[in-house]
Amino acid sequence: RKKVRIHHLREMKERGETWPMLTAYDMYTAELFDEAGIPVLLVGDSAANNVFGYDTSLPVTVDELLPLVRGVTRSVNRALVVADLPFGSYQLSPEQALATSVRFMKEGRAHAVKLEGGRRFAPHVEAITSAGVPVMGHIGFTPQSEHNLGGYRVQGRGDAAEQLLADATALQDAGAFAVVMEMVPAEAAKRITAELRIPTVGIGAGPDCDAQVLVWQDMAGLRRGKAPRFVKRYADLADVLSQAARSFAEDVRGGQFPAPEHTFH
Ligand code: KIV
Ligand code: NA
């Protein structure tokens, strides 16, 4: 099984093969998802909400994400691992964007990086790709701009669809190898997917994108509570783990664990 490269993703688009992407933040999930044939794993800044316990993605830092990236890249044989640049680590200048990307490549051993933003970030994307680092863009609802976007809402409705296409095209022209579209109307996503040569990765962007991504804890039902409309739950891990913890607690309290087979003499 060969390593996934960015040209493979482009070839899948040309063949009309839709591909899956998941987040991963540690060794076991990286191994399992890689073996399951997920070609691209994202160490998202969503680790903020799904690993570190923050309520938004804004507080998470490069120093917090780097060890997660390292753990994931050490654990895959085949998947392309994308490291998400956190808020504040690339917006200041193309130079800052490149410097942060270099850290994720050298220290995290990532295979690519991802950043949020459209046209205004084309110079940042260009600086990073010029240094030989593949960049994935991210437009539509971009969680790092939550406060400027007026909260968690669909982007690119009506006339704004043209702006979204201009953003996607600018990222492609700047050298991005793919672009995530989050919470945009299916019609706009379909049109942008048809216009771009590079693959689009949808999350809440309808069925016509070249790829689909979900946060793994949402996909596997580890996160409790009401999930966004675009999430499909493929398992109920919260229930499985909670039951396991309760059974263990009950066994310990009742003296059923450890049993003779768990005991040395
Ligand atoms: O951080 C993240 O998980 C993401 C994906 C939802 C695309 O950016
Ligand atoms: Na992200």
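Which residues does the UniProt annotation "binding site" (unreviewed entry) cover? In the predicted model described here, local features need pLDDT of at least 70 and side-chain atom pairs count only at pLDDT 80 or more, whereas totals for chains, interfaces and linings use all residues. Residues are numbered from 1 along each chain as its sequence is written, while chains are lettered from A and ligands numbered from 1 in the order in which they are written.

The annotation covers Asp45, Asp84 and Glu116. These residues span 72 residues in sequence, yet no two of their C-alpha atoms are more than 10.7 Å apart, so they gather at one spot. UniProt positions are given in the numbering used here, with feature names shortened, and annotations may be inferred rather than shown by experiment. For "binding site" (unreviewed entry), UniProt also lists Asp45, Ser46, Asp84 and Lys114. This set is spread over 70 residues of sequence but clusters in space, with a largest C-alpha distance of 12.3 Å.

Asp45 lies in the loop between strand 2 (40-43) and helix 3 (47-50), where helices (H or I, at least four residues) and strands (E, at least two) are DSSP runs numbered from the N terminus. With 31 other C-beta atoms within 10 Å, Asp45 is buried; a residue is called buried if 20 or more other C-beta atoms lie within 10 Å of its own, exposed if 12 or fewer, and partly exposed in between, with C-beta atoms placed from the backbone. When neighbours within four places in sequence are left aside, Asp45 is in contact (C-beta atoms, placed from the backbone, within 7 Å) with Ser57, Val60, Leu65, Asp84 and Pro86.

Ser46 is found in the loop between strand 2 and helix 3, but is partly exposed, with 19 other C-beta atoms within 10 Å. Beyond its neighbours within four places in sequence, Ser46 is in contact with Thr23, Ser57 and Val215.

Lys114, in strand 4, is buried, with 25 other C-beta atoms within 10 Å. Its contacts, leaving aside neighbours within four places in sequence, include Leu42, Asp84 and His138. Glu116 is found in the loop between strand 4 (112-114) and helix 6 (122-130), and counts as buried with 24 C-beta neighbours inside 10 Å. Not counting residues up to four places away in sequence, Glu116 touches His138, Thr142, Gln144 and Ser145.

Among the residues that surround ligand 1 are Asp45, Ser46, Asp84 and His138, together with Ile203 and Val215; a residue is near a molecule if its C-beta atom, placed from the backbone, lies within 6 Å of it. By class, this shell has 5 nonpolar, 4 polar and 2 charged residues.

Ile203 also belongs to strand 7 (residues 200-203), from which Val201 and Ile203 point one way and Thr200 and Gly202 the other, all of them buried. In a regular strand the side chains alternate between the two faces of the sheet. Strand 7 is joined to strand 6 (residues 178-182) by 4 bridges, and the two run parallel; strands pair if DSSP finds at least two bridges between them. The bridge partner of Val179 in strand 7 is Thr200. Strand 6, helix 9 (residues 186-195) and strand 7 make a right-handed β-α-β unit, meaning that, with the strands pointing away from the viewer, the path from the first strand over the helix to the second runs clockwise. Strand 7 and strand 8 (residues 211-214) also run parallel, joined by 2 bridges, and the bridge partner of Gly202 in strand 8 is Gln212.

How values were computed
Nonpolar A, V, L, I, M, F, W, Y, C, P; charged D, E, K, R; others polar. Contact = placed C-beta atoms within 7 Å.
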